[in-house]
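Me: I have a new structure to go through. Can you walk me through it?

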Amino acid sequence: MARPAYSLTLDLEGRRVVVVGGGPVAARRAQGLLAAGAAVQVVAPWVCEDVQQLVDDGRVRWEQREYVAGDLLTPEPAWLVQTATGDPAVDAQVAREAAAARIWCVQAGDGRASSAWTPAVARGAAGSPAEGITVAVSAAGDPRRAMAVRDAVSAALDSGTLPVRGTRRTPEPGGSDHVAGRVALVGGGPGAEDLITVRGRALLAAADVVVADRLGPRGLLRDLAAEVEVVDVGKTPGNHPVSQQRINELLVHHARLGRRVVRLKGGDPFVLGRGGEEALYCVRHGVAVEVVPGVTSAVSVPAAAGIPVTHRGITASFVVASAHDGADDVLRAAADAAPDATLVLLMGVTGLERTAKALVAAGRPESTPVALVERGWTADQRTTTTTLGRAAADARAAGVRAPAVVVVGEVVGVRAALGDLAGVASGG
Ligand code: SAH
């Protein structure tokens with residue numbers, strides 16, 4: 001069995017590299033070499049359009065003739081040579097002369113005869129948490145296989161499923177050792193681990209500190225590296241929640257220490273989640289902040305129970321209101337909405353009796369269908385369907401508890417035909 005090759009990364013900045021051949025393969029290789037800063041010289045009697053463009057732009061020097069013995073050594077020895085002439089005899093001649101001069105030679109036409117190979121390369125995108133990462137893949141002379149793996153690695157680098165978190169920091173440009181931290185307000189979605197956005201997931205994978213809520217995809221916290229600091233600010237029974245002021249301070253404090261902070265929130269950060277306040281606090285304190293939208297429970301939890309918040313022939317609008325501070329907010333939202341608009345109430349379990357009564361008093365029929373969807377997108381999702389008139393009694397009888405989304409309106413009826421629609425995450 002062949003021994004494994006030795007993998008190496010070359011610094012080609014300003015070094016002479018000869019490309020023999022002028023076709024599309026030579027063009028691609030020349031572009032890669034130029035991107036690494038090499039001083040590229042092309043030797044070929046003719047060149048394709050792409051190489052011609054590089055010549056016209058003054059980026060490569062072109063010797064317009066056949067390759068001749070000695071080309072690798074004059075005017076000075078090359079560090080590396082790439083052959084892609086399409087003529088096996090010429091490629092072999094170049095390779096022989098390279099070997100005699102101890103110059104590594106990549107042969108495009110015949111991998112087995114090469115002394116060096118270019119791997120398929122995946123790089124973390126600029127501006128993404130994976131920036132600065134290079135993964136080189138080779139597959140024993142099977143470039144398509146290497147490219148397939150490279151593409152998969154590339155996708156994984158972008159998706160945040162790889163541990164791309166940096167452990168050595170690059171100081172700020174300008175010479176000071178200060179490293180700027182930043183805060184990302186990440187909407188985690190309603191709870192299922194695969195309902196966070198790709199950007200949210202990638203930022204989470206690169207975070208130094210994660211400030212997490214009780215709701216949202218808490219399962220993702222398990223995958224974080226041991227050194228990542230997780231600050232749990234969610235309410236748990238018998239455990240007081242951390243105050244909003246304290247959360248704001250925590251975000252700014254960690255960012256000022258140069259850390260990448262992810263504020264992982266349930267649903268969407270800017271829907272009844274106080275994300276706006278957190279963003280304002282960061283801005284006022286000079287801390288860089290970004291928001292990553294999330295799948296809000298207001299729409300996705302009804303969907304998981306087979307309830308579309310709008311439906312042709314039933315209603316063309318919906319309103320979302322918090323029922324946290326009594327019925328007034330709900331009543332105002334309902335009064336301003338179309339009479340057939342779906343009402344979606346968050347934080348509505350505790351005050352359900354009061355809210356339902358108030359809506360009936362304001363003119364919504366007692367027979368209006370209501371759905372109470374608990375723990376959407378988790379294995380114990382449960383839906384109780386009732387009416388405005390009976391909602392409080394039915395919720396009590398069923399033992400409905402937060403977190404739940406309350407849906408009021410005729411769209412609830414669609415559930416009868418659809419049933420639960422959440423994928424594998426939900427247990428119905
Ligand atoms: N920013 C969040 C809402 C935060 S308010 C979002 O966009 O989804 C918290 C309320 O959201 C809960 O009281 C409950 O009404 C609702 N909620 C969030 N996740 C839920 C889930 N998985 N199942 C049911 N209700 C949920």
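Reply: Start with a term. Buried means under 20% relative accessible area, exposed means over 50%, and partly exposed lies in between, using a 1.4 Å probe and protein chains only. Helices (H or I, at least four residues) and strands (E, at least two) are DSSP runs, numbered from the N terminus. This is a predicted model: local features need pLDDT of at least 70, side-chain atom pairs count only at pLDDT 80 or more, and totals for chains, interfaces and linings use all residues. Residues are numbered from 1 along each chain as its sequence is written, and side-chain values use heavy atoms, with hydrogens and water left out.

Me: Which residues of α5 are buried?

Reply: Gly200, Arg201, Ala202, Leu203, Leu204 and Ala205. They pack against α4, β8, β9, β11 and β12. Contact means heavy atoms within 4.5 Å.

Me: New topic. How is the protein divided into domains?

Reply: Into domain 1 (16-118), domain 2 (119-164), domain 3 (182-295) and domain 4 (298-418). The bounds come from an automatic or database domain assignment.

Me: How many residues of domain 2 are in contact with domain 3?

Reply: 8 residues of domain 2 touch 7 of domain 3. The two domains bury about 550 Å² between them, 63% of it on carbon and sulfur atoms. On the domain 2 side, Pro129, Ser159 and Gly160 lose the most area, together 61% of what that side buries. Buried area is the accessible area (1.4 Å probe) that two parts lose on being put together, summed over both.

Me: What lines the largest pocket?

Reply: 49 residues, with Trp117, Thr118, Pro119, Ala120 and Val121 nearest its centre. Helix α1 gives the most, 7 residues. Domain 1 and domain 2 each supply at least three.

Me: And how many cavities of 30 Å³ or more are there?

Reply: There is 1. Helix α10 gives the largest share of the largest cavity's lining, 4 residues.

Note on methods:
1 Å grid on protein atoms, 1.4 Å probe; cavity = no way out; pocket = protein on both sides within 12 Å on 5 of 7 lines; lining within 4 Å. Points joined across faces, edges and corners; volume = space filled by probe spheres on them.
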